[in-house]
Amino acid sequence: MNGSGKSDRSIVAKKAPNQGTPGGEPAEGLERRGLAKGNPPQETSDRTQTPEGSLPSAPERIREAARKENGKAFTALWHHVYHVDRLREAYLALKRGSAPGVDGETWRSYGERLEENLRDLSGRLRRGAYRAKPVRRVYIPKGDGGQRPIGVPVLEDKIVQRATVEVLNAIYEADFKGFSYGFRPGRSQHDALDALAVGIEKRPVNWVLDADLRGFFDSIDHEWAVRFVEHRVGDRRVIRHLRKWLRAGVLEREHWKAGKAGTPQGGSISPLLANVYLHYVVDLWADRWRRREARGAVILVRYADDIVAGFQYRTDAERFQRELGARLKRFALSMHPDKTRLIEFGRQATARRRTRGEGNPETFDFLGFTHHCATSRKGKFYVQRTTARKKMRAKLRQVKARLRKQLHRSVPETGRWLRVVLLGHYRYYGVPGNWRMMKAFQFHVLCLWYRALNRRSQRRGVTGKRMDCYATQWLPRPKLHHPYPFLRLCVTTQGKSPVR
């Protein structure tokens, strides 16, 4: 189809080669399946009104069709992408201060003639005259001292990719598994953390596999990625543009490199392609494995390329690790040998290890938190989560470097900036059981500020009493921003979970 229709008849489906496997275990019944929010009514709205009296938007109708037509491919989607209203929404959703791509176009400069630019972009997308440009490669420091490559697409690529992702999310949110959390609308890191904690606490988990994929975004095989998308997307124009973005290449230090594999981090399309890739490579396989192959209970939580699986029996855990490695190898992926660990962890781990004279159970890191086996005052087992020390040290190094650069700025200016740093830290790490680590972070920030102020002059130093006043005025005390995991999941599942 040419995609020129404006009613539900334009959303046509055909059978796909593969279909997802249904089902799941009660542990993931606790996990929330968030849905992407629809857009306001547009030109693609149906003539029939909903019971509430509002007209459903195109993504909402696509989402509903995806639920009803499970396992079928949509053949007319591109016209939903290139409409000016959707492109405008994508432009307005971009970050204003993002770095420009290879063409130097910024968000503000593009917006000076926004409507003219969007109409021109829409016309090129409709005619097939749109050309993807190379991605500018930059590097940002990682917590382990290395550097993470980030791709900076040109502004128009960002706009089109974001509009495409909004349309495709309406399809894939009906397919993705409940234990998948990364880069999904309505789902956050804390949702994944809570699901993991509740799964370990409520299920008979004795072993935990913490798996990290090595160089995942740089290893994605383009042909496999396109084949996976084609299971649900039969519109050749969408597929053609996906290939354009994958093959646009990278511009690094004025040298262009062809995009033979991988998808650069930084583009709006990369997280969706990563989720689709891992949905077919890992999620469907793992969900089928735990229902058909495992002898005991198995829980799964995946956030992007970080996978944590809990097992009742060690034999299940070891077999799952071996077979997962073989599965990944088929699709050009592998587990990181240094970051992938199988440890004894759970309610029985402490007693069993002490009986063998092995000390306390090992810990593992996930999404910036270190997970410990802990016991409450009433003797009840729970998973305690504290700020990962390497994350905390990395953040303190950034604060120290910034303080040195703005050494001679005024105290109020620096104090306001440190206040923002601390509040952001508390908002993410403010979970129950992490008070001491948040307090330690505040103390170290105060010490760094004290040293920086005393470097400004050799004659007059800042006294401890004055520093206390600065801390009271500018450095807020730690505050918990998140409830206990089980409490939040009881609210978000709204009675849908079979485990209470």
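Reader: Are H12 and H13 roughly parallel, roughly antiparallel, roughly perpendicular or oblique to each other?

Author: This is a predicted model, where local features need pLDDT of at least 70, side-chain atom pairs count only at pLDDT 80 or more, and totals for chains, interfaces and linings use all residues. Residues are numbered from 1 along each chain as its sequence is written, and side-chain values use heavy atoms, without hydrogens and water. Helix H12 (residues 269-292) packs on helix H13 (residues 314-330) at about 150°, on a scale from 0 to 180 degrees between N-to-C directions of axes fitted to C-alpha atoms over the stretch in contact. Angles under 35 degrees count as roughly parallel, 65 to 115 as roughly perpendicular, over 145 as roughly antiparallel and the rest as oblique, so H12 and H13 are roughly antiparallel.

Reader: Which residues in H13 do the H12 residues meet?

Author: Contact means heavy atoms within 4.5 Å. From H12 come Tyr280, Val281, Val282, Trp285, Ala286 and Trp289. They meet Asp316, Arg319, Phe320, Glu323, Leu324, Arg327 and Leu328.

Reader: How many bridges join E11 and E12?

Author: Strand E12 covers residues 369-375. Asp365 stands opposite Thr370 in E12. The antiparallel pairing of E11 and E12 runs over 3 bridges.

Note on methods: Two strands pair if DSSP finds at least two bridges between them. Helices (H or I, at least four residues) and strands (E, at least two) are DSSP runs, numbered from the N terminus.
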